[in-house]
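Me: Please take a close look at one residue of this model. Say where it sits, what surrounds it, and how the rest of the model is laid out.

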Amino acid sequence: MTPQPNALELEDLVMHFGPVRAVDGVSLTIPKGRVTALVGESGSGKSTVGRCVVRLEKPTAGVVRIAGIDVTQLTRRQLRRHRSDVSIVFQDPAGSLDPRMLVGEIVAEPLRLSGKRITRRDREARVAEELGRVGLRAEVARRYPHELSGGQRQRVSIARALISEPKLLIADEPTSALDVSVQASVLNLLADLQRDIGFACLFITHDLSAVEYLADDIAVMYLGQLVEKGPRERVFTRPAHPYTQALLAAAPVADPVRQRQRQPVLLGDDLPSALDPPSGCRFRTRCPLAFDRCATEVPAQVEFAGGMAACHLVQPDGTRPDVRAADPSEVLS
Amino acid sequence: MTTVERAGTASAAVGTPVLEVHDLSVSFTTEGGTVSAVDRVSLDLASGEIVGMVGESGCGKSVTAMSIAGLLPDSARVSGSVRLEGTELVGARESVLRRVRGKEIAYIFQEPMTSLNPVLTVGRQIGEVLQVHERMSKRAARARAVELLSLVGIPSAGKRVDNYPHQLSGGMRQRVMIAMAVACGPKVLVADEPTTALDVTVQAGILQVLRDLRDRLGTTILIITHDLGVIADIADRVVVMYAGRVVERAPVTDLFAHPYHRYTAGLLAASPTPGKHAGTERLQEIPGLVPVLSTQPDACTFADRCPAADEQCLDSAPALQLVRTGSAVPVTGHLAACWHPCPSPRTQPQETTA
């Protein structure tokens, strides 16, 4: 036992749903108090990783260690004792809040489930404090979720997630369902809370731009596997994997002058199925740089100074391919 | 699909207005009373132009789009004018509208799966449009369907034409929707959040298809989105909506270089963009909530969230007009509905080609 265990360690996490290989060998470490963004497109398995961490799914194989404790082998009863170590905020606040419960009951529920004895008065005080922390007035406790706006509801979800003082917060697309102006305030709130309280966070998103200020590290997922990992700065400025490069190039910049000068990277849009992923490198069917070896040999996870990338064209000295060098006509033909 | 050169801010093909919307208002009668969704919206689409309409949920952008070809339910009360090459569409007979829909004005929506019939092959669905509107034979319609599928960048279209929707990826389905929409060579294509349900790597391809349609066929496009990145990528001109009204209208480079309306400025500052906020810790927020409007007040609807609001803003609604700040010469075609437009350019005005 080390005195300062990592907030989260995933070792070769595998989650298969029948024949669907949703997560296929993901290893990831989040140190105490750090924020890692798990980025991927729909079907990449990123949400399943989050659901395995909070044990909404029991992983097929692999280890999930939260604050040093392997939670994959715990029984329901043992699990309950560790529930307060990790919380989750979902994408859709309307669907994840019980419409028949008052906001106060919703926020207090983790306290009730923890089994710790607490007086009603203390509980109400804790709820009021938590609502205040997420920028809501204490009166909101006596309202129902449908009386609140989307942004307010997501604040309620965050209050519920943080009331048990978790060491790790899983935020699964927490701002994707919100309007731009509301999104900004929820992202700012999460950043402020993280800085003040210091919980570690796995921020799951499809939107790289949303994590630029929030994340310390970035992990990129494609068809159930990690293709790249590294500190935020490096991933944004020097993405190594062709998929990460394509992802960054495809996200349009809200500046017409800059946007129209950028060289587009067009990938074919027939995404392979997780039922029958391509042989070798899973990205090869859409990769503009794919060559023979990519179909026959699974690329190793190449470690270099700025992180990891799983691509035959990445070298341990940090040499990386450039997806823009490929002729886009070859990709789409 | 090899076109990679990007269109400039204004296409050479831009010409006379194809579609003119003037003082369009839409309200709905619900159990809770009347809701005003769109209030005196005016805009025009020039031939071969891509106009982007941007706003947050509930701002009335989809209702505006649907009212153009009379797609709203009977509970909607529509007033004002929508003219397609001079023909009035508001209050037009159903027979007129039916001819216009699909043939002159076509739509694509956000969710391709729910808009496609799951039990018919894509070839049959595209063919049906051609058989009805163009009176083509079944055989000719199928051949044309294959052509259309390759036009929108679907590889091996000859095989894909026999696929059912569930056999296609989300991006492919949206391409099928576009193929169906442009089957009769419509003058105007209304694309309502066409890429919102798609991944960014797929979105880039769909936007490229829309650009190609304009460049190759001269299709006029109204694209509706909440995503300023999409607007920056594809639009020639932009219409910004807030709470049922147009608050700003401008050529795309002018709008981003110098938003006049405080709401536009706030929206631009709030949207996360890689690189833009590097070094800053926070995104800018717009305080408050979008109002839910039963009646449109004679006031600026953004006033209670606006840093520059004063009594004038609460007393009367500002009209959409050319903006003059100080001695600056107004930019052609840059209109804003604001009593106190943002004073100095956030950045030096870009040289505009529009």
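**A buried leucine and its setting**

Reply: A:L13 is buried, with 25 other C-beta atoms within 10 Å. Buried here means 20 or more such atoms, with C-beta placed from the backbone; 12 or fewer is exposed, and anything in between is partly exposed. The model is predicted, so local features need pLDDT of at least 70 and side-chain atom pairs pLDDT 80 or more, while totals for chains, interfaces and linings use all residues. Residues are numbered from 1 along each chain as its sequence is written, with chains lettered from A and ligands numbered from 1 in the order of writing.

A:L13 belongs to strand β1 (residues 8–17) of chain A; strands (E, at least two residues) and helices (H or I, at least four) are DSSP runs, numbered from the N terminus. Beyond the four places on either side in sequence, the contacts of A:L13 (C-beta atoms within 7 Å) are A:V23, A:V26, A:V49, A:C52, A:P59, A:G62 and A:V64. A:T237, by comparison, is 224 residues away in sequence and 29 Å away in space, C-alpha to C-alpha.

Among these contacts are A:V49 and A:C52, both of which are also listed as buried residues of helix α1(A). That helix (residues 46–53) is largely enclosed by the rest of the structure, because 8 of its 8 residues are buried. The other buried residues of α1(A) include A:K46, A:S47 and A:T48, together with A:G50, A:R51 and A:V53. After α1(A) comes A:R55, with a positive phi near 60°.

Chain A as a whole has 12 helices and 12 strands. Its C-alpha trace spans about 65 × 50 × 35 Å along the principal axes. Of its 333 residues, 50% count as buried. Among its contacts with a separation of 6 or more, 64% join residues 24 or more positions apart.

Where the two chains meet, 40 residues of chain A and 46 of chain B take part. On the side of chain B, two or more residues each come from α7 (170–181), α8 (200–217), α9 (228–234), α10 (252–257) and α11 (262–270). The largest share, 7 residues, is that of α8(B).

Chain B contains 12 helices and 12 strands, and 49% of its 354 residues are buried. Residues 24 or more positions apart make 65% of its contacts with a separation of 6 or more. One open sheet of chain B holds 4 strands in the order β2-β1-β4-β5, with antiparallel pairing (a pair needs at least two DSSP bridges). Its edge strands, β2 (33–46) and β5 (87–88), each pair on one side only. Inside the sheet, β1 (residues 17–30) and β4 (residues 76–84) of chain B are antiparallel over 8 bridges, and B:V26 stands opposite B:V78 in β4(B).
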